[in-house]
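Okay, thanks everyone, I'll keep this short. Let me put the model up on the screen, and then we'll walk through it together.

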Amino acid sequence: REYAVREDRLAGENLRLNKQVEEMKARHEHDDAESPEKLKAQARLLKDSLAKNPNDTSLYVPVGSALIAAGDTVGAIEAYRKYALEINPKNLAAQTDYGYLQFIVGQKAEGRARTLAVVKKEPKNQIAMYNLAAMSFKDNDIDGAIEWMNRCVAAEPASQLASMASTFSL
């Protein structure tokens, strides 16, 4: 009986250690996936795919997103510009991303106007409202930032974005 108890403890300890090892591996893999080198490699791969398949318009947004993640804002804005203005101007998600990119590269009025147009077309677009709050905050318009965060929360209170926004809203 004592042997069985000891064996159970050892088995439990092994399970706990195995779980910790798996968690560490998962964190390491996640960290590797997020490393600047890997992000740049992913962006290059997507850009190469787009260069080989210029008519594959579905690649522009992933290319833009990968370039943002890799820190290439200029490349990202070009990919989003082409997609949002030429390929699919009705895609509000692309318009929202492009608007924010415009804002952060100094085209503040254009970026804000583009993002406001998204909210006008889709009044419950939380990402656009959250971005407008961030724009307001970066322009030191704290009241405007709070107003946009409140609108973001009100649009869909149970969402993850509303939870994030509620930490800044009043």
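One definition before I start: when I say helix, I mean a DSSP run of H or I that is at least four residues long, and helices are numbered from the N terminus. With that in hand, Gln 95 is found in helix α5, and I'll come back to that residue at the end. Also, please keep in mind that this is a predicted model.

So, the overall picture. The chain has 9 helices and 0 strands.

Now the inside. The largest nonpolar core has 20 residues, and Val 119, Met 129, Tyr 130, Trp 148, Cys 152 and Ala 165 have the most contacts inside it. Who contributes? At least two residues each come from α5 (92–104), α6 (108–121), α7 (126–138), α8 (142–155) and α9 (160–166). The largest share is from α7, with 7 residues. There's also a second, separate core of 18 residues, and Leu 39, Leu 67, Tyr 80 and Leu 101 are among them.

Let's zoom in on Met 129. Skipping neighbours within four places in sequence, Met 129 touches Val 119, Pro 123, Lys 124, Trp 148, Arg 151, Cys 152 and Ala 155.

Next, how do α6 and α7 sit against each other? Their axes come within 9 Å and cross at roughly 150°. Anything over 145 degrees counts as roughly antiparallel, so that's what α6 is relative to α7. The crossing of α6 past α7 is left-handed. If you want to click on the contact itself, on the α6 side you have Gly 111, Arg 112, Thr 115, Leu 116, Val 118 and Val 119, and they meet Ala 128, Met 129, Asn 131, Leu 132, Met 135 and Ser 136 of α7.

Last stop, back to Gln 95. Is Gln 95 buried or exposed? Well, the cut-off for buried is under 20% relative accessible area, and Gln 95 comes in at 7% relative accessibility, so Gln 95 counts as buried. Again leaving out neighbours within four places, Gln 95 is in contact with Ala 84, Asn 88, Pro 89, Arg 114 and Val 118. And Val 118, you'll remember, is one of the α6 residues that meet α7.

Okay, that's me done.

Conventions
Residues are numbered from 1 along each chain as its sequence is written. This is a predicted model: local features need pLDDT of at least 70, side-chain atom pairs count only at pLDDT 80 or more; totals for chains, interfaces and linings use all residues. Side-chain values use heavy atoms; hydrogens and water are left out. A nonpolar core is a set of buried Ala, Val, Leu, Ile, Met, Phe, Trp, Tyr and Cys residues joined through side-chain atoms within 4.5 Å. Buried means under 20% relative accessible area, exposed over 50%, partly exposed in between (1.4 Å probe, protein chains only). Contact means heavy atoms within 4.5 Å. Axes are lines fitted to C-alpha atoms, for helices over the stretch in contact, and angles run from 0 to 180 degrees between N-to-C directions. Angles under 35 degrees count as roughly parallel, over 145 as roughly antiparallel, 65 to 115 as roughly perpendicular and the rest as oblique. A crossing is left-handed if the near helix is turned anticlockwise from the far one by less than a right angle, and right-handed if clockwise.
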